[in-house]
Amino acid sequence: MARVLTPRAEDFPRWYQDLIAKAKLADNGPVRGTMVIRPAGYAIWERMQAEMDDRIKAAGAENAYFPLFIPESYLKREAEHVEGFSPELAVVTHGGGKQLAEPVVVRPTSETVIGEFMAKWIDSYRDLPLLLNQWANVVRWELRPRIFLRTSEFLWQEGHTAHATRSDARAYARKILHEAYEDLMVNVLGIPVVVGLKTARERFAGATATYTCEGMMGDGKALQLGTSHELGQNFAKAFDISYSSAEGGREHAWTTSWGTSTRMLGGLIMCHGDDNGLRVPPKLAPVQAYVMVVKDGEGVGEAAAKLRDALRDAGIRVMLDDRTDTPFGRRAVDAELRGYPVRVEVGPRDLAAGNAVVVRRTDGSKAPTPIADVVGAVLAALDADQQSLHDQALAFRQSRTTDVATLDEAIEAAATGWARVPWSAVGVEGEAKANAQGVTVRCLLRADNSVPDTEDEPNLTAILARAY
């Protein structure tokens, strides 16, 4: 396999690019910074999307769709927002062969256009809360693109809500953070995330608080996998999102926004991948069991088809590979690269003994298994390996996280992993010093690892790391 992928320990960025190419997950688009997501990669994204969509709807939000083009004037209404996004904007000045009366921005995010319509749709406290989500593409002109991690165009969901009180908005932003984002990342993607509060320096442009899910990648760096924002009344005042209260007064709403993107695919690769390719957690995998005909003849094809049907009947997502005109070794390598959790190999010799071989991607183990026991063996492997991938990632994060007392120690520790340091030992000035050396404060936590309300709370812990 070393001939297929650059070893992770030798060159992690090259390994990442090799895996994406060899597993046929994605390709670079024709415009710099864009990407083409190939069927194998998109199938994983569809599973992420379905799982996330279920959780968002369970939290009460409804899906809608808003325009790709936003009048430039909309962004200028919220000063911090436009300042934060200005370097990344793609602006259209001509259409239909003519110069536009007003330039339009290709959406980098939709707080402004959704705010415009929230103002139109909300009149009374009875219209609140208004809980919206959209699945869309966004454009942020990226100077240093990397497939899935940072591209000029990417796919995501963005939620936008309006509430009658600040406490309701805060509760909902945290509900999404924990019940949608953290739950998906931990229990489906198998990525143990640290959930915390962003510092003022790191929070979303125009927000009053940003909460984040941070995962450790296989090289010890951090990746922000999803964020949820309290927007206070900033956008409500800019767009006059107001309502008649039960007492008869006119009040501005309190709003939130929150998003996750195809960046989760990059996180999945870098958290779980190994030198043989991708390892997809079974709950997420589009193909959980890959039934392979080693060599046809002697009833092998028929036996493999029956196993496929039995696995499917047991609720397992299964695919049959009977392409015996392609060498078995090449097909096995491709299956390893794609990260299928379990392979069931059926060949004449094993079948003659009444067996098939069950191969587990997580640990590479191969077990001859009686045909009658294959379904049970596959179900047990899927259950065990979902937990195993999470536990391996958690053990790695713990081994690469260092408790330190000073900022200088934290910066040094961030060369190979994460540092936990008292926020009081860092502060605003220390954060700027760390940033100058390529290290950022990923998030702040309370002593019990819960999420603080503000960075001014006493006895907070800061997580410092290098990040993607």
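Predicted model: local features only at pLDDT ≥ 70, side-chain atom pairs only at ≥ 80, totals over all residues.
Visitor: Hi! What is the strand order in the open sheet of 5 strands?
Guide: The order is E16-E15-E17-E18-E19, and the pairing is mixed. Strands are DSSP runs of E with at least two residues, numbered from the N terminus, and two strands pair if DSSP finds at least two bridges between them. Residues are numbered from 1 along each chain as its sequence is written, and side-chain values use heavy atoms, leaving out hydrogens and water.

Visitor: Which strands stand at the edges?
Guide: Strand E16 (318-321) and strand E19 (366-370) do; each has a single partner strand, so one side of each lacks a neighbour in the sheet. From one strand to the next, the twist averages 25°.

Visitor: And how do E17 and E18 pair?
Guide: Strand E17 (residues 342-346) and strand E18 (residues 355-360) pair in the antiparallel sense, over 4 bridges. Arg 343 stands opposite Val 359 in E18.

Visitor: Which strands does helix H12 touch?
Guide: Helix H12 (residues 374-399) packs on the sheet and touches E15, E17, E18 and E19. Contact here means heavy atoms within 4.5 Å, and a helix is a DSSP run of H or I with at least four residues. The direction of H12 makes about 155° with that of E17; such angles run from 0 to 180 degrees between N-to-C directions, with axes fitted to C-alpha atoms, for helices over the stretch in contact.

Visitor: What does helix H10 lie across?
Guide: Helix H10 (residues 328-338) lies across strand E15 (289-293), E16 and E17, running at about 175° to E15.

Visitor: Changing topic: how many salt bridges does the structure hold?
Guide: There are 27. A salt bridge is a side-chain nitrogen of Lys or Arg within 4 Å of a carboxyl oxygen of Asp or Glu. One of them joins Asp 321 and Arg 331, with the closest N and O atoms 3.2 Å apart. Asp 321 is in strand E16 and Arg 331 in helix H10, 10 residues apart.

Visitor: Are those two buried or exposed?
Guide: Both Asp 321 and Arg 331 are buried. Buried means under 20% relative accessible area, exposed over 50%, and partly exposed in between, using a 1.4 Å probe and protein chains only.

Visitor: What about Glu 457, which residue does it form a salt bridge with?
Guide: Glu 457 pairs with Arg 446, their closest N and O atoms being 2.8 Å apart. Salt bridges that share partners join Arg 170, Arg 174, Glu 230, Arg 446, Asp 453 and Glu 457 into one network.
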